[in-house]
Amino acid sequence: MTDAILFWFLALVTVCAGLSVILMSNPIYSALSLAMTMVGVSALFVTLGAYFIAGVQLIVYAGAVMVLFVMVLMLFDLKHEIQAFTRGKITGAIKIASVGILAGLVVGAITLGTKAIEAAKATEAVAGKTYDNNTMSLAQNLFLQNVFGFEALGVLLLVIAVGTVALSRSRGGTHARD
Amino acid sequence: MSHQALIAILLLSPFVGFLLNGLRYRSQNYVLAGSIATGAVFVSFICSVMLMMDLIAAPADQRRLTANFFEWIAVGGFKVNAGFVVDQISSIMILIITGVGSLIHLFSIGYMHHDKGVTKYFAYLNLFVFNMLILVLGDSLLTMFVGWEGVGLCSYLLIGFWFSDAAKAAAGMKAFITNRVGDAAFIIGMFILFFSFGTLNMYELNALAPTTVEASWLGAATLGTLMLFIGATGKSAQVPLYVWLPDAMAGPTPVSALIHAATMVTAGVYMIVRLNPMFVAAPNTMMIVAIVGAITAVMAATIGLTQYDIKKILAYSTVSQLGYMFLAVGVGAFGAGMMHLMTHAFFKALMFLGSGSVIHAMEGEQDTRLMGGLKKYLPITHFTFLMGWLAIIGFPLFSGFFSKDEILWQSFASPRGSVFLWVAGAIGATLTAFYMTRLMALTFWGKSRVPKEVHPHESPVIMTIPLIVLAILSVVGGFIGVPHLIGEYLGHIPNYWAEWLAPVIKTLPEAAAPHTATQEWALMTTSVTLALISAFVAYRIYTSGKGTNEAIAKAFGPVYNVVNNKYFVDEAYFGGIINPLVKQSQNLWMYIDVNFIDKTTHVISDMTKGAGSLARSFQTGNMQQYAMYIGLGVVVVLTFVLMR
Amino acid sequence: MPETNILTTIGLEHYLVLSAVLFSMGMAGVLLRRNLIVLLMSIELMLNAVNISFVAFSKFNNNIEGQIMVFFVMTIAAAEAAVGLALAVSIFKRFKEVNIRFFEHLKG
Amino acid sequence: MLLSVVLFLPLVFAAILALWPQKSTIRHLALGFSLIEFLASLAILRNFDANSAALQMVEQYAWVPRFGISYFIGIDGISLMLIMLTTFLTPIIILGSWTSIADRVKGFHVALFVLQTAMMGSFLAMDAVLFYVFWELSLVPMYFIVGIWGGARRIYATIKFFIYTMAGSVLMLLAIIFLMRLTPEVTGGSISASLLDFYKLQIPFVAGEFFTAQTLLFFAFALAFAIKVPLFPLHTWLPDAHVEAPTPGSVVLAGVMLKMGTFCYLRWVIPLFPEAAEHFAWFFVALGVIGIVYGALVAMVQPDVKKLVAYSSVSHMGYVILGIFVMNQYGVNGALYQMLNHGISTGALFLLIGMIYERTHSRMIAKYGGLASALPVFTIMFIIVTMSSIAVPLTNGFIGEFLILMGSFQYSPMAAGISVLGVILGAAYMLWMVKRVFFGPKGEIVTHAEEDKEHALHDLSVREWVVMTPLIILIFWMGIFPNHFMDYSKKSVDHLISNKHNYTLEVK
C-alpha cells in the first residue's frame with residue numbers, strides 16, 4: 001500500500017514538473033522544473049530498487065547537467081523574450097495531435113503488451129533466475145560483459161569534450177561567412 | 001621494257017609531276033612548273049605510243065596488256081585488284097588523254113604565265129591526267145570509279161581555281177555535287193552487277209553478260225547498266241545532269257579544253273563502250289541512252305544558238321556533241337561513238353584552245369559582242385579555228401564529217417536505231433552548223449566591235465603550236481575510220497578504226513534491216529546540205545550585223561526567251577529541289593531536333609526536377625518539422641503494427 | 001488470474017505508462033518550443049522517460065542489463081547536452097538569441 | 001601481361017602527372033608518355049596473330065569470386081584496331097591541344113590519360129562487370145574535359161551528355177545482372193560475369209512477342225549503346241557536346257568514344273542476342289538509314305562549323321550502324337573500317353577547326369570566306385580531310401562507305417538506295433561549307449585580320465604540321481592499302497558473321 005501511495009505521489013510530482021518544463025515561458029523556470037523532474041525520476045528509481053542508478057541520476061543529472069543548463073542560461077543574459085511556442089496553427093495542431101496519438105498508442109501498446117507478458121510468464125514461469133539487484137552485480141556486469149561499451153563511452157566523452165571546446169571557441173554560427 | 005613497267009610509268013609519271021609541282025606550290029616560276037607538268041604528261045604519251053605499238057604488233061585476238069599491281073580490296077567474295085589493262089579501247093583513250101593533254105599543258109604555259117597560282121595549276125592538271133588514266137585503264141568498274149571520282153575532284157579544284165570569285169567557287173561545287181548524283185547511281189549500278197554476276201572486273205562482266213537479250217526492265221543487266229548510265233549522264237553532262245558543264249567554264253580555258261571537252265566528259269561514253277556486251281544485252285537501257293543522247297544533242301544545240309559568251313557556246317556545243325556520242329552508243333554504233341569521241345577531242349580541244357587564244361588576246365574578255373573582225377589580228381588562231389569549225393559542222397572529208405556521218409547513218413540503219421533518232425541528229429547537225437558559224441562570224445569575221453582600249457595580238461608560239469598540231473589532227477584525224485561506203489569511193493581506204501575495235505565490240509544480235517547504198521548517200525547528202533545551208537544563213541546574218549539580240553528576240557518571241565534562259569532548268573533545280581531541300585532541312589533541324597527531341601528531353605528533365613522540388617518542399621530546414629515527421633512516422637508504423 | 005486493483009497494486013505497466021506520458025511531454029516540448037535550451041531540456045526529459053522504462057523492465061524481468069543501459073544512456077545524454085549547449089552558445093554568439101529558427105539553414 | 005601493361009600504363013602516367021611538381025614540363029612529359037603508350041600498343045600489334053579469330057593475350061584473375069566477377073581481358077581482331085586508334089590519337093590530341101588548353105594543364109592531361117585507360121578497358125574487358133566499370137569510368141574524365149575546358153554553354157552540354165549516357169547504362173546494368181543470374185545454367189551452378197559464359201547462354205526468344213527475355217535484354221543493351229553511338233533519334237547530346245567541348249575533347253569524343261557504342265554492338269549485342277538482333281535488324285537498319293540522311297540534311301544548314309561536323313558524325317555513325325545490322329561480311333567489315341575512318345577524318349576535321357578557332361575565335365561559317373588566300377596550306381589540308389570525310393576513292397572513307405553500302409544492298413536494295421543519298425548530301429554539306437569558309441570573296445574575319453597586323457593569320461606552324469601529317473598519311477594509306485588494316489580483323493568478323501547463333505571465342 002505504501003508502495004502505491006509513494007508511486008502515485010512521485011508520478012504526480014514528475015508529471016507536473018515535466019509539464020512545467022514545457023509550458024513555462026521563462027527558461028529558468030523550465031530548468032528548475034527539469035531539476036525537479038530529475039529528482040522525481042531518481043526517487044522512482046529508488047522505488048524500483050535501483051539505488052546506484054538513482055544516485056548517479058541525482059549526481060549527474062540533477063547536479064552536473066542541470067548546473068550546466070542553468071549556467072548557460074545565465075551566460076546568455078537573454079534580453080528579449082523568445083516566443084515560447086512555434087507559430088503556425090495547423091502544424092501546431094498536427095504536432096499536438098501526433099503527440100497525443102503517439103501517447104495513446106504507446107499506452108495502448110503497453111496494456112496489450114504487458115498482458116501478453118503476464119500471459120507468457122504464467123505459461124512459461126521464467127522467473128526462476130535469481131537476480132542480485134545490488135551495486136556489485138551491476139559493476140560486475142558493467143566491467144565484465146560490457147567493458148567494451150564502457151571504454152567506448154569513455155572515448156566518446158573525450159571526443160565530446162574536445163568537440164565542445166572547439167565549438168565554443170569558434171566565432172559562432174553554423175554558416176560562418178566571415 | 002615490260003608492259004607492266006610501261007603501264008606503271010604511264011600512270012605514275014603525271015603523279016610524280018603532281019607531287020613535284022604540288023610540293024613547291026608557292027613557286028611562280030611558270031617555265032619550270034610548266035616544263036615539269038608537260039614533261040610528265042609527255043613521258044606518259046611516249047609510254048602510250050609504245051604500248052600502242054606493242055598492241056599493234058600483237059595478234060588481233062591477243063591485244064590486251066594487263067598489269068596487276070596489288071590486291072586493293074578483298075572482303076569475302078568481293079575482290080578488286082589495282083589492275084590496269086591496255087586494250088583496243090583504252091589504248092585509244094590513253095593516246096588521246098596524253099597526246100591532247102601534252103598539247104594543252106604546253107598551251108597552258110603560255111596561257112597561265114601571268115597567274116600567281118601557276119604551279120598549283122599545273123599540279124592539279126597533272127593530278128587530273130593521273131586520275132583520268134586510272135579511269136580508262138582500270139580493269140574493274142571500281143578502279144574505274146576511282147578515276148571517275150578523282151577526275152571529278154580535279155575538275156572541282158580546277159573550275160574553282162580562281163576561288164576568290166564566289167561564282168567560280170560555286171561552279172566548282174555545282175560540278176562536284178551534280179557529278180555525285182550520278183556517282184551515287186553508278187555505285188548502285190556496280191552493286192546490281194556485282195550481286196548478279198559476282199564480279200566487278202569488266203572483262204569478266206563482259207564474258208558473263210547474258211547472251212539472250214533482256215526484254216524486261218527489271219533484269220540485272222538492264223537495271224545495272226541503266227544505273228551506270230545515270231552515272232554517265234552526270235560525268236558526261238547529259239540531260240538531266242548537264243547543268244554543271246556550262247558553269248564549269250569558270251575554270252581556266254585550257255582546263256575547259258582538256259577536262260570539259262576532250263577527256264573527262266567523254267568518260268561516260270568510254271564506260272559504255274567498255275561494257276558494250278552488257279549494254280547490248282540490255283536493249284531497254286540502250287534505247288534510253290539513245291533517246292537521252294538525241295535530246296541532249298538537240299537541246300544543248302538550241303541553247304548554244306543564243307549564247308554570247310564564247311566559252312559558253314563551246315560548252316553547249318560540247319554537251320551537244322556528247323549527246324551525239326551517246327546517240328551512237330545507244331544505237332549500238334560503239335565504234336562510231338569512240339570515233340566521234342576522238343575527233344571531238346581534237347576539234348573541240350582545238351576550239352577551246354583557240355578561244356583561249358582569243359581571250360588571251362582580248363585581255364580576258366569572253367563576250368563575242370565585243371569581238372568581231374579578229375581575223376586580221378589573230379591569223380594563226382583564226383586559221384586553226386577555221387579548221388575546227390569545218391570539222392565540227394561536218395564539212396566533207398574533215399574529221400568530224402566521217403564520225404558524225406557514221407553516227408547519223410547508224411542511228412537510222414542500226415536495228416536499234418530509228419528514223420526519229422536520225423531526224424534529231426540531223427536537226428542537231430544543222431543547229432551545230434548554225435551556232436558554230438555564228439561564233440566564227442561574231443568573233444573573227446565582220447566588223448570589229450573591239451573596245452578601243454583593247455589591242456588584240458597574236459598569241460606566242462608556245463600557244464600556237466598546239467593549235468596547229470590540233471588543227472592538223474582535226475583535218476586528217478577522220479581518215480583512220482573512213483566509212484566503208486566513202487572508203488570505196490576514195491580508192492579502197494580500209495576502215496582501220498572498225499577493224500581495230502572489232503574484237504572488243506559485240507555486234508547487235510538483231511539482224512539489221514537491209515539498206516542500200518543509195519539510202520546512205522541520200523541521207524548523207526541531206527544532212528550535209530542542211531548543215532551547209534544553215535552555216536551559210538548564219539554567215540549572212542551575223543556578218544551583216546543584222547543578228548542582234550533584239551532582232552532575234554523580236555523574231556522568235558517567247559521561244560527565244562525560254563531558250564536564252566536555258567529552258568529554265570537551273571531555275572527548276574534550284575526552285576524545285578535545292579532550295580526546298582535546304583529549307584526543309586532547316587525545318588528538320590528546328591522542328592525535329594530542337595523542338596521535338598530536345599524538347600522531349602527537357603520535358604523529362606523538367607519532370608524530374610519538378611518531382612525534386614516537390615520533395616524539397618518537405619525539407620524546410622525547420623528541425624521541429626522534421627521531428628514532427630518522425631513522430632508521424634512512428635504513429636503510422638505503430639498504428640500499422642497494432643491494427644494488424 | 002485474480003482481479004488486481006489498478007490503484008493499489010503497482011506493476012510494470014504503471015511505470016511504463018508514466019514513462020510514455022513523460023516521453024510524450026518531452027516530445028511535445030521538442031516539437032513546440034522555440035528556445036533552443038528548452039528544446040534540449042525536453043530531450044533530456046524524453047531520455048529520462050526511457051530510463052524509467054529500462055529500470056522498470058530490469059526490475060520486473062529480473063535482468064540487470066536494463067540498468068547498464070540506463071548507465072549508458074545517461075552518459076550519452078550528458079554528452080549530448082554538452083554539445084547541444086556548445087552549439088547554443090555558438091548560435092548565441094552570432095545572433096544574440098537562441099531561437100530554433102536559426103537552425104533552418106538545413107533547408108534543401 | 002602485355003595487355004594489362006598497355007591498359008594501365010596511362011593510369012600510371014596520370015598518377016605521375018598528378019604528382020609532377022613542375023608545371024612547365026607537363027605537356028612534354030604527357031606527350032612522351034603517350035608516345036610510349038603508342039609504342040607499347042605497337043607491341044600488341046606485333047604479337048597479334050591475325051590468322052586466328054581467337055581471343056588473344058587473355059588475362060584472367062579472380063576479382064569478386066563470390067559473384068564470379070573476374071579481371072578478364074583479351075583482344076581479338078575486332079578490338080585490336082580500336083585499341084590502336086586510341087593509342088594513336090592520344091599523342092596527336094596532346095600535341096593538338098598544346099596551345100588551346102591554357103589553364104589547368106595538369107588536370108587536363110590527367111583526365112586524358114584516365115580516359116584513355118577507361119576507353120581501352122571497355123574495348124578489352126571480357127567480364128561484364130569489369131566492362132561496366134570501364135564504360136562508366138570513361139564518362140567521368142569526359143565530363144570534366146567538357147565541363148572545365150569547354151565553351152560558354154559547357155555545363156548544359158556536359159550534363160546532357162552525362163545524363164543521356166548514364167540513363168542508357170542503367171538499363172544495361174540491369175541486363176547484366178539479369179544475365180549473371182542466368183549463368184548457373186551453363187557454368188554448373190556458380191554465378192559468372194564472364195562474357196564467354198554469357199555467350200554460351202541460350203536465352204529464350206519468341207518472335208513477335210516483345211516481352212520475352214531476349215528481346216528485353218537486347219533492347220536494354222542496344223539502347224545503352226545506341227545513345228553512345230549516337231543513333232537517331234538519341235543523337236541530340238552530340239552536337240551540344242561537340243560544340244562546347246574543347247578541341248581535344250571533340251577529337252576524343254568523335255574519334256574513340258562514339259566507337260565504344262558501335263564496337264559493343266559487335267562484342268555484346270549481336271553475339272549475345274543473335275535471334276533478337278536478326279529479328280529487329282530492320283529497325284536498326286531503318287534508324288541507321290534515317291540517321292545518314294537526317295544527319296546530312298541537318299548538317300547542311302548549320303551555321304557553326306563544329307556543329308556541322310558534329311551532325312556529319314551522326315550521319316557517318318548511321319553508316320556504321322547500317323553496316324553492323326545488315327550482318328554480312330561486307331557490312332560488318334565496312335562498319336569496322338568506317339569506325340577507324342571516322343575516328344581519323346572527323347578527328348582531323350575537329351583538329352583543323354580547333355586550329356582556325358585559335359586564330360580567329362569564331363566558328364560561324366557566315367563570318368568566314370576567302371580563307372584560302374590567307375591560309376593556303378591549311379586549306380589544302382582541310383580539303384584533303386574533307387575528301388576523306390565525303391568518301392572520295394583512294395581516301396580511307398571510300399572503302400568503309402562502299403563496303404557498308406554494298407552490304408546494305410545485299411540486305412535490302414532499298415536501304416542502299418536511300419543511304420546512297422548520303423553520298424550526295426555528304427558532298428553537298430561539306431563542299432558548301434568549304435566554299436563558304438575558304439572560297440569566295442574575303443569575309444569579315446579575313447579582312448579584319450588583314451587590317452590588324454597583331455592578329456594577322458599565319459599558316460600552319462611546325463607543331464600543327466606534325467599533328468596533321470600522320471593523319472593525312474593514314475587517310476591515304478588506309479584508302480590505298482586497306483588490306484594492311486583489314487587483314488587483322490577479317491578473321492574475327494568472319495567468325496562473328498558465320499557463327500553468330502552459337503558464338504564462342506576460343507581463348508589463346
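Helices (H or I, at least four residues) and strands (E, at least two) are DSSP runs, numbered from the N terminus. This is a predicted model: local features need pLDDT of at least 70, side-chain atom pairs count only at pLDDT 80 or more, and totals for chains, interfaces and linings use all residues. Residues are numbered from 1 along each chain as its sequence is written, and chains are lettered from A and ligands numbered from 1 in the order in which they are written.

**View 1. Chain B has 26 helices and two strands.** Its C-alpha atoms fill a box of roughly 125 × 65 × 50 Å along the principal axes. Chain B has 644 residues, and 58% of them are buried (20 or more other C-beta atoms within 10 Å of a residue's own, with C-beta atoms placed from the backbone).

View 2. Two residues are in contact if their C-beta atoms, placed from the backbone, lie within 7 Å.

**View 3. Helix α16 (residues 329-360) of chain D crosses helix α24 (residues 483-498) of chain D at roughly 135 degrees.** The axes, lines fitted to C-alpha atoms over the stretch in contact, with angles from 0 to 180 degrees between N-to-C directions, come within 10 Å. Among the contact residues are D:Leu336 and D:Tyr337 of α16(D), and D:Phe485 and D:Met486 of α24(D).

How values were computed: A residue is buried if 20 or more other C-beta atoms lie within 10 Å of its own, exposed if 12 or fewer, and partly exposed in between; C-beta atoms are placed from the backbone.
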